[in-house]
Amino acid sequence: MYLLGNRKEKSMKIIAYKYQSLTPDVLNEKQAITYKARDGLEIEGYLTLPKGKSEDKQTKLPAIIFPHGGPISFDDDDFDYWTQFLVSRGYAVLQMNFRGSSGYGYNFMKQGLASWGQAMQDDVEDGARWLIKEGIADEKRMCIVGASYGGYAALMGTVKTPDLYQCAVSFAGVTDVEYLVKSHRNYTNYEIVKKQIGNDYDKLWEVSPLKHAAKITKPVLLIHGSKDRVVRVHHSEEMLDELEDENKDVQYIELDGGDHYLSNNEHRLTTFKAIEAFLAEHLAE
């Protein structure tokens with residue numbers, strides 16, 4: 001919301017809303033949580049529950065594991081429309097600041113360098129298992145959803161732990177980590193990209209979902225903008241081809257002219273309607 005303050009009158013009034021219909025009574029509060037990763041590292045995150053479910057410990061909820069993009073980024077307790085949409089549809093949503101996230105100091109961030117598909121991925125899995133152990137999530141109704149690096153983590157989750165999730169949604173997700181690094185060769189940030197992601201191309205291919213399409217046993221929804229300049233649409237197109245070649249259950253939506261950030265409202269509506277239908281199909285009781 002936008003507010004106008006008057007120091008002389010000591011007053012403040014609301015003059016405009018970005019999302020006028022999203023008043024506090026319809027939004028769901030994010031709860032700060034912590035859990036231990038398998039090596040003992042403490043991971044902070046946020047759990048958002050549908051209204052009326054915070055005190056109800058008897059009913060396990062269908063759950064969404066929602067790792068952030070970046071991966072040098074972080075989730076906090078601010079409003080984000082992805083989480084609020086998913087929770088409004090009755091899902092518990094867990095976001096975690098896995099190792100490599102920013103905001104926790106240099107050493108914590110450094111643990112994520114050249115670590116795609118490794119300990120960072122384990123942190124996401126450990127969060128999902130924590131949610132089940134706490135009695136919040138129904139282990140038979142859990143899906144992993146993500147965008148950008150989060151989309152990569154969603155696909156790798158189905159590769160590394162095929163029995164943990166019932167489905168996966170990747171929006172603008174990286175599927176070929178080797179290609180991602182090589183595609184920066186002609187840009188000034190190439191050396192930085194190699195330090196952040198790695199330059200051992202054999203290793204990068206090993207941690208690419210594209211290589212392991214045959215291992216994916218659960219339904220996958222891929223969504224990508226055709227004009228994405230951060231993660232090229234090539235990633236989802238190649239993943240679609242591999243999954244189809246393996247006769248996997250995959251749906252693909254390409255957003256014509258879409259970018260990496262769902263800037264276009266029509267694309268947002270298309271994306272969220274597709275996600276809603278996909279989750280409802282695969283997480284139904």
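# Notebook: surface patch and salt bridges

**Entry 1, the nonpolar patch.** I began at the surface and found a nonpolar patch formed by M1, L3, M12, I14 and Y17. Together these residues have about 540 Å² of accessible area. I note here that the model is a predicted one.

I then picked out M12. I placed M12 in strand β2, which covers residues 11–16. Is M12 buried or exposed? Its relative accessibility is 62%, so M12 counts as exposed, the cut-off being over 50%.

Next I turned to charged pairs. How many salt bridges does a search of the whole structure find? I noted 13. I looked up three of these pairs in turn.

I looked up the salt bridge between R99 and D123. Their closest N and O atoms are 2.7 Å apart. Which parts of the chain does this pair link? I found R99 in the loop between β6 (92–96) and α2 (106–110). D123 sits in helix α3, residues 119–133. The two are 24 residues apart, so I logged the pair as a link between distant parts of the chain. I checked burial too: R99 and D123 are both buried.

I moved on to K160, which forms a salt bridge with D122. Here the closest N and O atoms are 3.6 Å apart.

I compared the accessibility of the partners. K160 has a relative accessible area of 39% and is partly exposed. D122 has 18%, so I marked D122 as buried, since the cut-off is under 20%.

Where do K182 and E178 lie? Both are in helix α5, residues 177–182. They are four residues apart, about one turn of the helix. K182 counts as partly exposed at 29% relative accessibility. E178 is buried, with a relative accessible area of 18%.

Last, I returned to K160 and D122 to see what else they join. Which residues are linked with them in a network of salt bridges? I listed R38, E125, D126 and R129 alongside D122 and K160.

Key:
Residues are numbered from 1 along each chain as its sequence is written. This is a predicted model: local features need pLDDT of at least 70, side-chain atom pairs count only at pLDDT 80 or more; totals for chains, interfaces and linings use all residues. Side-chain values use heavy atoms; hydrogens and water are left out. Patches are made of residues with over 30% relative accessible area and no salt bridge: like charges are joined within 9 Å, nonpolar side chains (Val, Leu, Ile, Met, Phe, Trp, Tyr) within 5 Å. Accessible areas come from the Shrake-Rupley method with a 1.4 Å probe; for residues, only the protein chains shown count as cover. A salt bridge is a side-chain nitrogen of Lys or Arg within 4 Å of a carboxyl oxygen of Asp or Glu. Buried means under 20% relative accessible area, exposed over 50%, partly exposed in between (1.4 Å probe, protein chains only).
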